[in-house]
Amino acid sequence: MTTGQHRAAQPETDPPQDDEPLPTIAEQMADQLGGWRGLVESSIPVVVFVLANIIGDLRPAVIASVAVALLIAGLRLAQRRPIRHAVNGLFGVGIGAAIAWRTGDERDFYLPGILYGIGYGIALLISAAVRQPLVGWIWSVLVAKGRSEWRTDPKLVRVFTRLTVLWGVVWLAKVGVQAGLYLAHQDTALGVARLALGYPPYALLLLITVWTVRRVTREPQPTPLPGA
């Protein structure tokens with residue numbers, strides 16, 4: 001064999017670069033939830049609003065919650081840490097605070113989250129009904145590095161469809177509780193429900209999703225019969 005032939009054949013022995021292992025369940029959940037720090041930081045502005053509103057009036061509570069959200073985002077930026085979760089929290093708090101400030105009704109602080117939850121839950125169920133499960137596409141973007149091979153696997157399509165229905169039902173259930181408290185003018189209970197029904201259900205759904213998809217994708221494929 002000549003040197004040229006050896007060099008030409010060499011690339012065929014190199015391992016493929018695309019078959020990188022998926023992150024572990026813990027790594028995927030930590031990334032999406034922002035870790036314990038992300039969980040705490042995203043909840044602090046809402047806690048501040050609830051407590052300040054109980055102790056004082058609406059406007060000091062709005063100012064305090066927005067100030068805390070800005071402080072958290074600024075600290076993350078100064079420490080050169082990812083600010084995605086801080087920015088998301090600041091955006092949500094800012095919209096709710098602006099509406100509550102304008103209307104003078106403290107319960108309106110939670111209105112954007114309720115409307116977003118209703119829209120998100122309905123979108124999940126519609127996507128499952130038309131066989132374009134939203135959870136599958138989100139998985140492609142956040143975990144599978146943009147790949148969408150699951151669309152060609154009927155088993156994975158069914159799995160993502162069922163998971164999308166589960167997400168939609170849970171999302172509408174939890175936002176339904178908040179909407180009921182909103183209509184009943186139970187402002188303090190609404191704030192507590194916002195915290196209790198925020199990350200815990202989300203974390204549980206994320207755990208179920210990651211575990212289910214990884215279990216299905218790791219199942220051995222059936223060996224074709226000779227001559228098939």
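Let's start on one helix, H4. The face of H4 turned away from its buried side carries the exposed residues Leu-71, Leu-77 and Ala-78. Exposed means over 50% relative accessible area, buried under 20%, and partly exposed in between, with a 1.4 Å probe and protein chains only.

A word on the source. This is a predicted model, where local features need pLDDT of at least 70 and side-chain atom pairs count only at pLDDT 80 or more, while totals for chains, interfaces and linings use all residues. Residues are numbered from 1 along each chain, and side-chain values use heavy atoms, without hydrogens or water.

Back to H4. Helices here are DSSP runs of H or I, at least four residues, numbered from the N terminus. H4 covers residues 58-78. Its buried residues are Leu-58, Ala-61, Val-62, Ser-65, Ala-69, Ile-72, Ala-73 and Arg-76. They cover an arc of only 105° around the axis, which puts them on the same side of H4. That arc is taken from the directions from the helix axis to the C-beta atoms. Why one side? An α-helix has 3.6 residues a turn, so residues three or four places apart point the same way. After H4 comes Arg-80, with a positive phi near 55°.

Next, the core. A nonpolar core is a set of buried Ala, Val, Leu, Ile, Met, Phe, Trp, Tyr and Cys residues joined through side-chain atoms within 4.5 Å. The largest one has 19 residues. Val-135, Trp-139 and Trp-167 are among those with the most contacts inside it. Helices H6, H7, H8 and H10 each supply at least two of its residues. H8 gives the most, with 7. A second, separate core has 16 residues, including Ala-61; Ala-61 is also one of the buried residues of H4.

Now Thr-209, in helix H10. Is Thr-209 buried or exposed? Buried, because its relative accessible area is 4%. Contact means heavy atoms within 4.5 Å. Beyond four places in sequence, Thr-209 is in contact with Val-135, Trp-139, Leu-163 and Trp-167. Its side chain also makes a polar contact with the side chain of Trp-167, at 2.8 Å. A polar contact is a pair of N or O atoms within 3.5 Å; within protein, one must be able to donate a hydrogen and the other to accept it, and residues adjacent in sequence count only if both atoms are side-chain atoms.

Last, charge. How many salt bridges does the structure hold? It holds 1. The partners are Asp-105 and Arg-107, at 2.9 Å, N to O. The cut-off is a side-chain nitrogen of Lys or Arg within 4 Å of a carboxyl oxygen of Asp or Glu. Asp-105 is partly exposed at 23%; Arg-107 is buried at 13%.

Key. The expected span of a helix is 1.5 Å times one less than its number of residues.
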